[in-house]
Amino acid sequence: MAPQVFARADADAVAALVNRGTALRELGRHEEALASYDKAIALEPGKAEAWYGRALALRTLHRIDEALTNLDKALALHPDGSDMLFARGWLLCEIGRAHV
């Protein structure tokens, strides 16, 4: 099989894992969502959406420092991610670390 076929299959798998993580997170199944995002990141560490979704799940689990670290990773990969920037600012405000 050609390398581009494998690359496409991996990209599809990563997208499916991110979508699964998002669905699980929205259902309140945050630990399962984290596992799905982790699998996506293992396949494609440069997938900003996986880091972002992971951060949102961590925030809900009150794992704030980890959430901020994941948001920083997401933003390093996608600096123009307005949702990511908003989430980071909101989280910093929530914990009283925003500098206005």
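The expected span of a helix is taken as 1.5 Å times one less than its number of residues. The model discussed here is predicted. It contains five helices and zero strands, and the order of elements from the N terminus is α-α-α-α-α.

**Overall composition**
- The protein has 100 residues, of which 34% count as buried.
- Its accessible surface comes to about 6100 Å², with 57% belonging to carbon and sulfur atoms.
- Of the contacts between residues at least 6 apart in sequence, 44% join residues at least 24 apart.

**Nonpolar core**
- The largest nonpolar core comprises 26 residues, and those with the most contacts inside it are Val18, Ala40, Tyr52, Leu71, Met84 and Leu91.
- Two or more residues are given to this core by each of H1 (3-26), H2 (30-43), H3 (48-60), H4 (64-77) and H5 (82-94).
- The greatest contribution, seven residues, comes from H3.
- Leaving aside neighbours within four places in sequence, Leu71 is in contact with Tyr52, Ala55, Met84, Ala87, Arg88 and Leu91.

**Helix H3**
- H3 has 13 residues and, at 1.5 Å a residue, should therefore span 18 Å; its end C-alpha atoms lie 19 Å apart, which agrees with that expectation.
- The buried residues of H3 are Ala48, Ala50, Trp51, Tyr52, Gly53, Arg54, Ala55, Ala57 and Leu58.
- After H3 comes His62, whose phi is positive, near 65°.

Technical notes:
Residues are numbered from 1 along each chain as its sequence is written. This is a predicted model: local features need pLDDT of at least 70, side-chain atom pairs count only at pLDDT 80 or more; totals for chains, interfaces and linings use all residues. Side-chain values use heavy atoms; hydrogens and water are left out. A nonpolar core is a set of buried Ala, Val, Leu, Ile, Met, Phe, Trp, Tyr and Cys residues joined through side-chain atoms within 4.5 Å. Buried means under 20% relative accessible area, exposed over 50%, partly exposed in between (1.4 Å probe, protein chains only). Helices (H or I, at least four residues) and strands (E, at least two) are DSSP runs, numbered from the N terminus. Contact means heavy atoms within 4.5 Å. Accessible areas come from the Shrake-Rupley method with a 1.4 Å probe; for residues, only the protein chains shown count as cover.
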